[in-house]
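Hi everyone, thanks for coming.

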Amino acid sequence: MNFIPGKNWFVQKDVVNSNREFWGPYCGAVSLSFDDGTANQLEKAVPLLDEMGIVATFYVQPYGDDWQTVYAPWKAVAAVGHEIGNHSIQHICPGSYLGNSDGLEDRTLDEIEADILAAQQRLNQLVPHQQQWTFAYPCYCQFVGKGRTRKSYVPLVAKYFLAGRSAGEYGFGNNPRIIDLACVRGIPMERMSGFEMIGLVEELTHQGLWVILVFHEIDGSRLTVGSYDFLLLLNYLQRKRDLIWTAPVVDVAKLIAAKRSLL
Ligand SMILES: [Zn+2]
């Protein structure tokens, strides 16, 4: 089916119904994900989530010689049920962003694989109890090289992780029956009001989709969301907990993988 703007941008009723059946007692699922493992998240996001009894996914980037000290607080975050995810060590983005010549355009698949596995070794030490892992693509990018030699590193992520989270077009969630778990789409939340975040979750989960929200900071200086807006969203999710399943990326991916193996 082709998209014809203005004609068929809406998910058809039979697709909505079959998606909603997928989730059992819920109409859809939502995951709250946080990238980069920042001090701001430890200070602002984790306490609010814990107060509201909502568990999230934190994609941590354990870099530096002192990573064991700097990232030690994440052990306590994992201990209360939050998912810790892999966000690589070097966080390699397109070189064109900052004008450097060692970005994704100039890297090989082997280099990306080595960086991801080195991060995973550290994360396994940090959170040894966690059995299954998911990955978040740094800068949402999934490629190395350029032009005719450009390659996707999604197959690498598929080899090592239950799921990989990228980002996609605004306003679309993940269809649980079709989505490639190695490249699920998140929606960046920066600068959104609480009402807009709630609207997105309400609409997309009622289409029977899995909505992954991507946060960086709360009341922070970069890619931020206000704490009032964040709390509005958490209140809404708590109030709707019997209808909308809020769970870490790994838990939703696990359910999707298990159900699809039976289909
Ligand atoms: Zn990042």
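**A walk through the fold and its zinc site**

Let's start with the chain as a whole: among contacts in the protein chain between residues at least 6 apart in sequence, 75% join residues at least 24 apart. Contact here means heavy atoms within 4.5 Å.

A word on where this comes from. This is a predicted model, in which local features need pLDDT of at least 70 and side-chain atom pairs count only at pLDDT 80 or more, while totals for chains, interfaces and linings use all residues. Residues are numbered from 1 along each chain as its sequence is written, and side-chain values use heavy atoms, with hydrogens and water left out.

Now the overall picture. The protein chain has ten helices and twelve strands; these are DSSP runs, helices being H or I with at least four residues and strands E with at least two, numbered from the N terminus. The C-alpha trace spans about 50 × 45 × 35 Å along its principal axes. For 263 residues, a compact globule would have a radius of gyration near 18 Å, and the protein chain agrees, with 18 Å. That radius is taken over C-alpha atoms, and the globule rule is 2.2 Å times the number of residues to the power 0.38.

Next, please look at strand β1, residues 28-35. How many of its residues are buried? Eight of eight. On one side we have Gly-28, Val-30, Leu-32 and Phe-34, on the other Ala-29, Ser-31, Ser-33 and Asp-35, and both faces are covered.

And its neighbours? Two strands pair if DSSP finds at least two bridges between them. β1 runs parallel to β9 (residues 210-215), joined by six bridges, and Val-30 has Val-211 as its bridge partner there. With β12 (residues 244-246), β1 pairs in the parallel sense over three bridges, and there Val-30 stands opposite Thr-246. Strand β2 (residues 57-60) is also parallel to β1, through three bridges, with Ser-33 opposite Thr-57.

Between β1 and β2 you can follow helix α2 (residues 39-52); together they make a right-handed β-α-β unit. Right-handed means that, with the strands pointing away from the viewer, the path from the first strand over the helix to the second runs clockwise.

Now to the metal. Which residues coordinate the zinc ion? They are Asp-36 (OD), His-87 (NE2) and His-91 (NE2), at 2.1 Å. Donors are N, O and S atoms within 2.8 Å of the metal (3.2 Å for Na, K and Ca), and water is not among the atoms, so sites may look incomplete. In sequence, the spacing is D-x50-H-x3-H.

Asp-36 is found in the loop between β1 and α2 and is buried, with a relative accessible area of 17%. Asp-36 also has a positive phi of about 90°, although it is not a glycine. His-87 is buried too, at 1%. His-91 belongs to the loop between β3 (83-86) and α5 (95-98), and its phi is positive as well, near 50°. For context, most residues other than glycine have a negative phi.

That's my tour; I'm happy to take questions.

Technical notes: Buried < 20%, exposed > 50% of the residue type's maximum accessible area, 1.4 Å probe, protein only.
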